[in-house]
Amino acid sequence: MLIKKAPDIRQSEITDEAIYVNRRQFLAAAGITTAGLLGASPAMAALVQEPDASGRVLENMTESVFSTSQKPNSWQDITSYNNFYEYGIEKTDPSKNVGDFVSTPWKVKVSGSCEKPGDYHLEDILAPHALEERIYRLRCVEAWSMVIPWTGIPLANILKRFEPTADARYVRFKTIYDPVQMPGQRRRILNWPYVEGLSIAEAMNPLALMAVGLYGRELPNQNGAPIRLVVPWKYGFKSIKSIVSIEFVKRQPRTSWAISAPSEYGFYANVNPQVDHPRWSQARERAIGAGLFTPKKETLMFNGYGEHVAHLYDSLDLRRHF
Amino acid sequence: MTIGSRTFVRLVKLVLWPLCLAPFVVLLLAAFQLYGFELGANPIEEILHTLGKWGLKFLLITLAITPLRRWTGQNWLISFRRMFGLFAFFYILLHFLTYFILDQSLEIAAVIEDIVERPYITLGMTALTLMLPLAVTSTRGMMRRLGRRWKKLHKLVYAIAILGVWHFYWQVKLDTLEPTLYAAMLTGLLGARIWFAKTKSRRTHRNTAGETV
């Protein structure tokens, strides 16, 4: 087991992280206020819009300091090229097969080492929080990438409300298991339900986001409606979709891809151009939406988010803990 | 016009040619988004995979000709073998060119690194390299010139097909269903040859023993 090598997180460090989050939020809020003095509709002005977008518009979004200035991929690309094996293994399967999926009402079971476990209605989880738009790079383990304008809430803000205890060293997430609505689950190509996990320090990192929207609208089913994780410094498969369970655990969870192919997919799965997949190179990536003759681009360590997350792995050999 | 006559074969070829070219034409239309055809969000991957799979399909069709001919006794079927084999080569060559030009942007160093370090690419490149002499010697003139050696040389197609399916199998991320189907068909086609060889040698053996068959 890898437990020994995991970055030890003490209660005190979690508090530090909290101050850090608040500082960022304070800065973001201050920026918005300044903009507000300069002109009308301050926050919405810079939020990205897309004519093709559909679905219910989410209200009261603010910008985030964590957003990249890179141009987001089109709504069409983001909603038609998906790895979501619950709906089938082809990239186009999810958008074709999600038709029947009903994501309301939605409950999330919170359990494990925390003071406030329970079955929560999604609305109750979301209600106290302001929504942010975060334009993140997404790097798939298959060596392609997109830029995606998510709408969501920092994961730390949500998790803290459940008051994790000192035993909560990891967080385990589960996707809904519903083979009737999700035809891909009728074949056991992965260990259903899909399980993903983060160390508590990773989960409390201000970059980790619980997304509920895309382009300022409710998340389409094929992108993980109604609520999904987004951890942009890790390969896409870590960003688990359609979450129904959040569990605070002491031991490192066994995650779906690591169970299926342990030599190819690890628990950490940080984007790392120096550590190749056993069968293909991770040094470069195909930017979706670029032209037919555009060369691949260099992949960045931690997908370019090193300044925010590199410290989490100071004591970890990333070649071993891929 | 009788089945198997020269005119018949020519006519069938006239129908088969556009059918064999259709996947390529569809890709071209999709590249220019004509008649509702599209390549999707990752066009290079779509082109690459489509060409590769058609290459393998034509290899399997080519390998199906001989067993079909034996079982049905329709010897004229052999007239189409070269055409299918050359279409396999056509799609596999385009598959490679897509990889080299579009996917790797003509970066020879990166391609060499891939060939050396990625086993599935090593397999694919070996298969393509082995196809080159077969394509070059596919003409009537070369057949005549090589005589017996032509048949020996063209047995390479078995190795090529095995390498090609293996290349496909090693490339998929998790779900091996599709390459497994190709592998099953190839096993059937190669198995048929072993079966034919066995029954043939048994027959020869019996004949030499003076028995009537």
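**Close-up 1. A:Tyr215, a buried residue in a loop of chain A.** In this predicted model, A:Tyr215 has 27 C-beta neighbours inside 10 Å, so it counts as buried. Look for A:Tyr215 in the loop that runs between strand S8 (209-214) and S9 of chain A. Its phi is near 50°, which is a positive value in a residue other than glycine. For context, most residues other than glycine have a negative phi.

**Close-up 2. A:Asn303, with a positive phi near 55°**. Here we're in the loop between strand S13 (297-298) and helix H9 (306-309) of chain A. A:Asn303 isn't a glycine either, yet its phi is positive. Is A:Asn303 buried or exposed? Buried: the count is 24 C-beta neighbours inside 10 Å, and 20 or more is what it takes.

**Close-up 3. A cis peptide bond between A:Thr104 and A:Pro105**. Omega sits at about -5° for this bond. A:Pro105 belongs to the loop between helix H4 (93-97) and strand S2 (107-112) of chain A. As a reminder, most peptide bonds are trans.

**Close-up 4. A cis peptide bond between A:Ala225 and A:Pro226**. Omega is about -5° here. To find A:Pro226, go to the loop between strand S9 (217-218) and strand S10 (228-230) of chain A.

**Close-up 5. Helices H5 and H8 of chain B, packed in a left-handed crossing**. The axes of H5 (residues 119-136) and H8 (residues 156-171) of chain B come within 8 Å and cross at roughly 155°. Anything over 145 degrees counts as roughly antiparallel, so that's the label for H5(B) and H8(B). On the H5(B) side, the contact includes B:Tyr120, B:Leu123, B:Ala127, B:Leu130 and B:Leu134. H8(B) brings in residues including B:Ile160, B:Leu163, B:Trp166, B:His167 and B:Trp170. Sorted by class, this contact has 14 nonpolar and five polar residues, with no charged ones.

**Close-up 6. Where chain A meets chain B.** The contact draws 17 residues from chain A and 13 residues from chain B.

**Close-up 7. Chain A, with its nine helices and 13 strands**. How many of the 322 residues of chain A count as buried, as a percentage? It's 43%. Take the contacts in chain A between residues at least 6 apart in sequence: 73% of them join residues at least 24 apart.

Definitions and conventions. Residues numbered from 1 in each chain as written. Chains lettered and ligands numbered in written order. Predicted model: local features only at pLDDT ≥ 70, side-chain atom pairs only at ≥ 80, totals over all residues. Axes fitted to C-alpha atoms, helices over the stretch in contact; angles between N-to-C directions. Helix = DSSP H or I, 4+ residues; strand = E, 2+ residues; numbered from the N terminus. Parallel < 35°, antiparallel > 145°, perpendicular 65-115°, else oblique. Left-handed = near helix turned anticlockwise from the far one by under 90°. Contact = placed C-beta atoms within 7 Å. Nonpolar A, V, L, I, M, F, W, Y, C, P; charged D, E, K, R; others polar. Buried ≥ 20, exposed ≤ 12 C-beta atoms within 10 Å, placed from the backbone.
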